[in-house]
Amino acid sequence: MNRVISDSNLNMLIVPLSDPETESLEDYLEEKVVGKKWEEEFVCVVGASRFKGFSLISYGRYDQAKFSDQEKGELEKKIALYGREWLKENTDFHPLTH
């Protein structure tokens, strides 16, 4: 299935990550956030080398349906929680000091 980054996705700018780091974070978020919904929903992480100095997390649906405000809030919390967890375990970035 084709992953498309669009305005209907939940898009979040994050700290710059290398391409190997983006692949690792993407795999981690797919497991922790998407889980069993993988046939309907996806997460894509774009590295700083392709996104002008930042990295981007894009969480979307293959049918391009938009998320309700409640769904967005829940997803943002999950992505932030697991994203910070991954950052802490896999990089020198420490969210409390930056």
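Two strands count as paired here if DSSP finds at least two bridges between them. Strand E1, residues 10-14, is joined to E3 by five bridges, and the two run antiparallel.

Before I go on, a word on where this comes from. This is a predicted model, so local features need pLDDT of at least 70 and side-chain atom pairs count only at pLDDT 80 or more, while totals for chains, interfaces and linings use all residues. Residues are numbered from 1 along each chain as its sequence is written, and side-chain values use heavy atoms, with hydrogens and water left out.

Now, back to Leu56. Strand E2, residues 41-46, pairs with E3 in the antiparallel sense over six bridges. Another pair to look for is Val43, which stands opposite Tyr59 in E3. So E3 has E1 as one partner and E2 as another, because in both cases DSSP finds at least two bridges.

How many of the seven residues of E3 are buried? Seven of the seven, so strand E3, residues 55-61, is largely enclosed by the rest of the structure. Buried means under 20% relative accessible area, exposed means over 50%, and partly exposed is in between, with a 1.4 Å probe and protein chains only.

Here's a general point for anyone new to strands. In a regular strand the side chains alternate between the two faces of the sheet. Look for that in E3: Ser55, Ile57, Tyr59 and Arg61 point one way, while Leu56, Ser58 and Gly60 point the other, and all are buried. E2 is mostly covered too, with six of its six residues buried. There, Glu41, Val43 and Val45 point one way and Phe42, Cys44 and Val46 the other way.

Let's zoom out. The chain has two helices and three strands, and from the N terminus on the order is β-α-β-β-α. Helices (H or I, at least four residues) and strands (E, at least two) are DSSP runs, numbered from the N terminus.

On to helix H1, residues 19-34. Its buried residues are Thr22, Leu25, Glu26, Tyr28, Leu29, Val33 and Val34. An α-helix has 3.6 residues a turn, so residues three or four places apart point the same way. What covers the buried residues of H1? The cover includes E1, E2, E3 and helix H2, which is 69-90. Just after H1, Gly35 takes a positive phi of about 55°.

There's another positive phi to point out. Most residues other than glycine have a negative phi, and most peptide bonds are trans. Gln64 has a phi near 65°, a positive value in a residue other than glycine. You'll find Gln64 in the loop between E3 and H2, and at 31% relative accessibility it counts as partly exposed.

Now a few single residues. Arg50 sits in the loop between E2 and E3, and with a relative accessible area of 66% it is exposed. Arg50 and Trp38 are 12 residues apart along the chain, and their C-alpha atoms are separated by 24 Å. Then take Gly73, in helix H2. Gly73 and Leu10 are 63 residues apart in sequence and 9.9 Å apart in space, C-alpha to C-alpha. Gly73 is partly exposed, at 24% relative accessibility.

Thr91 lies in the segment after H2. Is Thr91 buried or exposed? Buried, with a relative accessible area of 14%. Leaving out residues up to four places away in sequence, Thr91 touches Leu17, Glu21 and Trp86. Contact, by the way, means heavy atoms within 4.5 Å.

Last, the whole chain. With 98 residues, a compact globule would have a radius of gyration near 13 Å, and the chain has 13 Å, which agrees. That radius is taken over C-alpha atoms, and the globule rule is 2.2 Å times the number of residues to the power 0.38. The C-alpha atoms fill a box of roughly 35 × 25 × 20 Å, taken along the principal axes. Of the 98 residues, 37% count as buried. And of the contacts with a separation of 6 or more, 63% come from residues 24 or more positions apart. That's me done, thanks!
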